[in-house]
Structure formats: structure tokens, C-alpha cells
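Please look at the sequence and the model first, then read on.

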There are 2 protein chains.
Amino acid sequence: MSEALEAVRFEDGSLQYLDQRFLPAEIRYERARTCDEIVDAIVSLAVRGAPCIGVFAAYGIAVLRAGERDDRAFAAAAARVRSARPTAVNLAWAVDRVLAAEDMTREAIAVHEEQRSIDAAIAGNGMPLFAKGARVLTHCNTGPIATGGYGTALGVLIAAQRAGLAPHVIVDETRPLLQGARLTYLECLRAGIDATLQVDGAAAMAMARGRVDAVIVGADRIARNGDTANKIGTYGLAVLAAHHSIPLYVAAPRSTFDFTIASGAEIPIEERAASEVTSFGGRQVAPEGARVFNPAFDVTPGHLVAAFVTEYGVLRPPYAESIATLAGRPHWSAIRSVEGSRA
Amino acid sequence: MSEALEAVRFEDGSLQYLDQRFLPAEIRYERARTCDEIVDAIVSLAVRGAPCIGVFAAYGIAVLRAGERDDRAFAAAAARVRSARPTAVNLAWAVDRVLAAEDMTREAIAVHEEQRSIDAAIAGNGMPLFAKGARVLTHCNTGPIATGGYGTALGVLIAAQRAGLAPHVIVDETRPLLQGARLTYLECLRAGIDATLQVDGAAAMAMARGRVDAVIVGADRIARNGDTANKIGTYGLAVLAAHHSIPLYVAAPRSTFDFTIASGAEIPIEERAASEVTSFGGRQVAPEGARVFNPAFDVTPGHLVAAFVTEYGVLRPPYAESIATLAGRPHWSAIRSVEGSRA
């Protein structure tokens with residue numbers, strides 16, 4: 001994946017991140033040295049995607065430790081990084097893990113390696129789901145820049161491309177924030193994948209005209225029965241896919257499964273700012289003061305998911321059983337994974 | 001409907017049009033005096049919506065005739081107006097009708113009156129489909145500014161509001177051109193309708209959460225079996241509505257039914273410029289040279305339509321029969337319609 005964009009780079013103690021706000025027009029890397037720079041990168045969404053934020057913050061803590069002799073000042077800085085974005089579960093987890101380590105730089109590198117290893121296992125497990133030349137629709141962005149590794153759903157398709165399967169990827173633009181148009185299409189180009197961009201409303205027609213063989217998406221949270229919270233628009237895609245007898249796959253690591261909730265009814269849906277819908281690129285597109293329904297996610301019932309692709313393998317229905325089995329798996333280790341994914 | 005925006009105004013021989021390109025930020029009327037001004041307004045999409053273009057062109061011909069003594073120069077100007085937008089069937093029809101009349105100004109006013117009368121009949125016939133306080137989702141723009149009269153699908157909802165039924169209108173933003181956000185939401189505000197704007201991808205979730213009682217849309221072309229071409233995204237809405245047991249209605253005048261085609265398979269789908277999807281307000285949102293699938297319309301199978309609302313009444317399945325009956329109806333007349341809609 002030499003051409004893939006790296007969301008986070010760490011070399012000789014220097015931490016750099018791809019500022020995703022400028023994509024696709026500009027590929028701009030910035031260096032993060034101070035606590036302010038690290039926090040700003042996260043808060044401003046220059047670095048996005050929960051796994052990617054975790055990787056970035058892990059390195060950030062190591063960088064702060066290396067530059068700060070004073071323990072109290074360092075602890076305060078680490079606490080600020082840890083709480084920069086409360087909804088990103090990987091953030092607090094990654095910070096705590098690095099803080100607990102003897103060699104923080106080494107631990108940050110291990111966090112990153114583990115991410116790559118999990119993503120690679122997902123890609124390897126997902127690839128056999130697609131025939132050569134399959135036309136696969138995806139929604140939102142789940143590529144390398146979303147995880148800091150190789151990606152989840154899009155990672156499977158990039159791996160398929162590298163394996164010579166030549167998938168054709170149909171990219172939903174993904175309103176309101178256009179992650180499909182801005183990020184996924186760019187990652188397809190970088191990976192040499194043949195791709196087509198379309199508005200979200202064109203998916204049904206593309207399916208009806210026989211242009212779509214399968215759908216693959218990522219996930220934000222998955223309940224024990226397979227109910228899946230993901231970017232708004234996913235549930236509609238799942239209903240449309242079922243109507244057209246097209247399989248919909250969800251690619252996600254074990255850490256996305258929430259074994260404490262029985263169904264999607266327990267997943268609260270974040271509503272985001274109206275301005276994401278009423279303005280675009282600084283230009284007003286709806287009347288002043290328009291009331292907006294802007295849910296960040298929707299919930300796809302497990303029965304509309306053909307399979308879950310995880311680093312431990314492909315889970316099939318009944319999900320009550322296959323997801324319970326996943327819950328019992330040991331913590332992923334980058335070293336063990338090489339054997340695991342070959343087994 | 002005193003607060004409704006008028007797309008076209010004609011007073012004392014002066015023709016004015018609402019420049020829809022500036023909506024919703026600015027309500028700007030321009031006067032059209034010359035052939036260039038009339039043609040430019042149509043070509044630039046300042047005036048849009050096939051029925052509205054017909055009304056505007058009808059007045060335009062009358063204005064040109066009044067200002068041009070030379071018959072040859074007038075004929076050349078009229079021909080330019082007639083061919084300003086080849087796909088708008090109402091345009092050539094309206095121009096020919098005015099040209100054939102003795103008193104062109106009077107005939108242009110009659111074209112406009114007829115449009116209002118047809119729209120009013122559609123609104124009157126559609127209103128009883130909705131209970132008080134019904135939450136109705138709509139797609140694209142089908143209000144007064146789309147027809148030059150009272151609108152079709154949105155016209156039904158505006159009439160319901162005036163009748164005290166207090167509908168709640170859920171407005172799909174309608175990518176790529178955002179007619180919902182820019183135009184429909186504004187027309188709801190002007191009509192005092194309680195409305196909510198959302199991205200197209202949120203429709204499925206809104207339905208699943210019980211926020212939608214019915215869907216009503218317009219149409220561009222309807223086949224003898226009820227297959228309906230309409231703005232891209234409509235077919236997906238129809239599948240989602242069926243999945244959630246929500247009725248989907250199509251409001252359209254008899255002139256939208258194409259009695260010469262047996263099914264939607266005979267409807268060619270126009271693909272529009274990639275730039276509609278890849279850029280917005282001059283800002284690039286997808287990588288340079290991105291390949292785009294940008295169909296202007298999709299086709300909803302007749303079996304997913306609960307009813308068609310026309311100026312002659314509500315058509316129910318089986319459509320092969322009810323649409324055949326519609327085909328046999330006489331030409332609509334603004335005078336006769338008053339009796340007709342009361343019958």
C-alpha cells in the first residue's frame with residue numbers, strides 16, 4: 001500500500017498528521033509538538049476516525065513525555081489530550097495504555113502496529129467475500145486515514161485490489177460531511193481502484209439497474225444481536241440492498257462490538273449541528289433558521305446484515321451465537337495475529 | 001396563498017420572473033423585455049420547472065409581439081424562445097399555443113390561469129389523503145415556483161395548511177442540486193408550514209422511528225402502468241416507504257402522463273454533469289477528474305405508488321385501468337374546471 005495516505009507518521013521522535021480538513025484538494029502534513037497542537041488537531045477534526053485518533057494520541061503522549069521533565073505538567077497535558085474528544089472511545093483507552101507503560105514511545109508504536117495488524121486481518125478475512133471484478137458500494141470513509149492502519153470496509157477493498165481482484169467501488173458521497181466524495185474517492189484513486197462517485201439518493205437506482213453486487217460498510221457500535229450503528233444513510237442502504245437481494249457486509253474490529261448491549265434500541269443517536277446541513281463550504285443553502293433533523297448515525301437491524309468481517313474471522317447469523325463467541329476471544333496481539341490470521 | 005412566492009408576474013404588459021438561482025438567500029425579481037433576456041432566463045435556470053417555463057414563455061411571446069412590428073424578426077425571436085430548453089415539453093407547447101392565438105396577451109394569461117386551475121384541482125383532490133397533523137415527507141421542489149401556479153405535491157400540502165390541517169412537512173434536501181433545502185423549505189416557511197429539513201440519507205431512519213406518516217412527490221413522466229420517472233432518490237424513498245408500510249403518493253397533472261409508453265423501461269434517463277456532484281458553490285468536494293454517476297431521474301415501479309393525484313381526481317391501482325380512463329378525459333379548461341372539481 002505504498003500509495004495509501006498515512007494519517008499519522010512517527011519518525012525519529014517527530015509526530016506528523018495528515019490534516020484531513022484540506023482533503024481532497026490538498027495533502028498537507030503538520031507536525032504536532034505541543035499539547036496545544038495535539039489537542040487542536042483532534043478537536044478541529046484535522047485527525048478523525050476513532051482508531052486513528054487513538055493512534056495519534058498514543059504518539060502524542062510519548063512526544064509530550066519526551067519533551068516535559070516536570071511530572072505534574074506532563075500529567076496535566078496528558079489529561080487534556082485524553083479528554084479532547086469524549087465520544088472517541090479509543091482516545092482514552094490509548095492514552096491510558098501508553099501512560100501505564102515503562103517505555104511510552106515503544107508502547108505508542110505497539111498501539112499503531114496493533115491497529116495495522118487488526119486491519120490487515122480484517123482485510124484478509126473479508127477479501128474472499130468478493131468475486132473478481134465485483135462491483136461494491138460503500139458509504140462514508142473507512143479507509144487507511146480513518147484508522148491509521150489499513151482501514152476496515154475500504155481496507156478489504158484495497159486488499160482485494162492488491163490481490164488482483166480488481167473490484168469496482170461505488171462511492172456514496174455521504175451527506176452531510178461528504179466523507180465519501182472527499183476521502184473515500186481519494187483513497188480509491190491512491191490505491192489504483194476503479195471507482196464511481198454518486199449522490200446517496202442514486203444508490204437505489206444503481207441497485208435496480210444491476211450495477212451493484214454487494215455493499216460493505218464500517219460500524220460505530222454493534223450490539224449483541226448484530227444491530228449496527230453507523231453513519232446516517234447506512235440503514236436505508238441495508239433496506240435497499242435486501243429489497244434487491246444484494247448482500248450487505250459490515251467490517252469492524254472486535255473493539256466496535258459492545259457486548260454490554262442486547263440490541264440497537266440501547267444505542268443513543270447523537271444529533272449534530274444544523275449548520276452541517278444548512279450551509280456548505282461557507283455558503284448558505286437553506287433558509288436562515290431552518291429546523292433540521294441531523295442524526296449522525298442510524299441503526300441497521302442485524303437481520304439485514306449478511307455477515308460481519310472481524311479480525312477474528314467472518315461472523316454469520318445467528319448473531320446471538322457468533323457474536324457471543326467473539327466476546328470470548330483473547331485480546332488481539334500484533335505478534336500473535338500473524339499466526340491467527342494464517343490459521 | 002398571499003405569502004407564496006410567485007415565479008412569474010405579468011402586470012400592465014410587464015413580465016417579471018423570480019431568479020431562482022439566488023434562493024433562498026435572496027428574493028430577486030428581474031424584468032424580461034427582450035428575446036435575449038427571455039432566453040437567458042430559461043437557459044440559465046433562473047426560471048425552472050417545466051410548467052413554470054411554459055407560463056413564462058407564453059408571456060414572453062406576448063411581450064415580444066407587442067414590442068416588435070416586424071413579422072420576420074418576431075418569428076425568429078419566437079423560434080429562439082421555443083427552443084431554449086428542448087427537454088421542457090411545456091415550453092414548445094405554450095409557445096405554439098400563444099402564436100396561434102388572435103390576442104397573444106390574452107392567450108398567455110389563459111395559459112397561466114389554466115396552470116393555476118389545474119394545480120388548484122390537484123391540491124383539492126389530494127388534501128383528503130392526509131389526516132390532521134400528518135407528517136409528510138417530500139423530495140425535490142414541487143411548489144408554486146416550480147409550476148407558476150400553486151404547485152403539485154407541495155401544492156397539496158400548502159392547501160392542507162390553508163385548510164387548517166397543519167401538516168408537518170419533512171423536506172429531503174435533494175442532492176445534488178438541493179432543491180429541497182433551497183426551494184421547498186423556503187416555500188414551506190412562506191406558507192407558514194411547520195417543516196424539518198434533513199439529508200436524503202436520513203429518510204430511512206425517520207421512517208423507522210415513526211416520524212413519517214406519508215410521502216408525496218411530483219413526477220416528470222408517468223407510463224401507462226404507473227411507472228414514474230422523478231428526481232433521483234424518489235425510487236429509493238418508494239422502496240423505503242413500502243418497507244415501513246407508509247403510503248407514497250405522486251401528484252401530477254394529466255400532461256405528465258405519457259400514454260404512448262407502456263412502462264418505465266421506455267423512459268430514457270438523462271445523466272447530468274459530474275460537476276453537480278464534484279463541486280459545490282465553486283468549491284471542489286471530490287478529487288480532480290473523479291468519475292461520477294449522476295442520473296437526473298430514477299423510475300419508481302407503479303406497484304410502489306399508493307395513488308396518483310391528478311386534476312381529474314385520485315387514481316388507484318390497477319393503474320392499467322385508471323390511467324387509461326385518464327387518457328380519455330377532455331382537455332382541461334380553466335372555466336370548466338370549477339365545475340369539474342366540484343363534481
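This is a predicted model: local features need pLDDT of at least 70, side-chain atom pairs count only at pLDDT 80 or more; totals for chains, interfaces and linings use all residues.

Residues are numbered from 1 along each chain as its sequence is written, chains are lettered from A and ligands numbered from 1 in the order in which they are written, and side-chain values use heavy atoms, with hydrogens and water left out.

**The interface between the chains**

The rule also finds four salt bridges between chain A and chain B, a salt bridge being a side-chain nitrogen of Lys or Arg within 4 Å of a carboxyl oxygen of Asp or Glu. R175(B) forms a salt bridge with E173(A), and their closest N and O atoms are 2.6 Å apart. Several elements of chain A give two or more residues to the side that touches chain B, among them α8 (179–190), β6 (194–198) and α10 (234–243). Helices (H or I, at least four residues) and strands (E, at least two) are DSSP runs, numbered from the N terminus. On this side of chain A there are 30 nonpolar, 10 polar and nine charged residues. Here Ala, Val, Leu, Ile, Met, Phe, Trp, Tyr, Cys and Pro count as nonpolar, Asp, Glu, Lys and Arg as charged, and the others, Gly among them, as polar.

In terms of contact (heavy atoms within 4.5 Å), 49 residues of chain A meet 49 residues of chain B. M205(A), R291(A) and F293(A) supply 17% of the area that chain A buries against chain B, more than any other three residues. Buried area is the accessible area (1.4 Å probe) that two parts lose on being put together, summed over both.

**Symmetry**

A rotation of 180 degrees with 0.0 Å of shift along its axis superposes chain A on chain B, with an RMSD of 0.0 Å. The two copies are thus related as by a two-fold rotation axis. Copies are superposed by least squares on the C-alpha atoms of residues with pLDDT of at least 70 in both. The copies meet through the same surface, because 100% of the interface residues of chain A are also interface residues in chain B.

**The domains of chain A**

Chain A is divided into domain 1 (8–117) and domain 2 (122–338), with bounds from an automatic or database domain assignment. Their contact takes 19 residues from domain 1 of chain A and 16 residues from domain 2 of chain A. The centres of the two domains, taken over C-alpha atoms, are 25 Å apart.

| Parts | Buried area | Carbon and sulfur share |
|---|---|---|
| Chain A and chain B | about 4,300 Å² | 69% |
| Domain 1 of chain A and domain 2 of chain A | about 1,500 Å² | 55% |

Between these domains the rule finds zero salt bridges, but there are seven residue pairs in polar contact (both at pLDDT 80 or more).

**Local backbone features**

A cis peptide bond, with omega about 0 degrees, joins L23(A) and P24(A). P24(A) lies in the loop between β2 (14–18) and β3 (29–31) of chain A.

Notes: A polar contact is a pair of N or O atoms within 3.5 Å; within protein, one must be able to donate a hydrogen and the other to accept it, and residues adjacent in sequence count only if both atoms are side-chain atoms.
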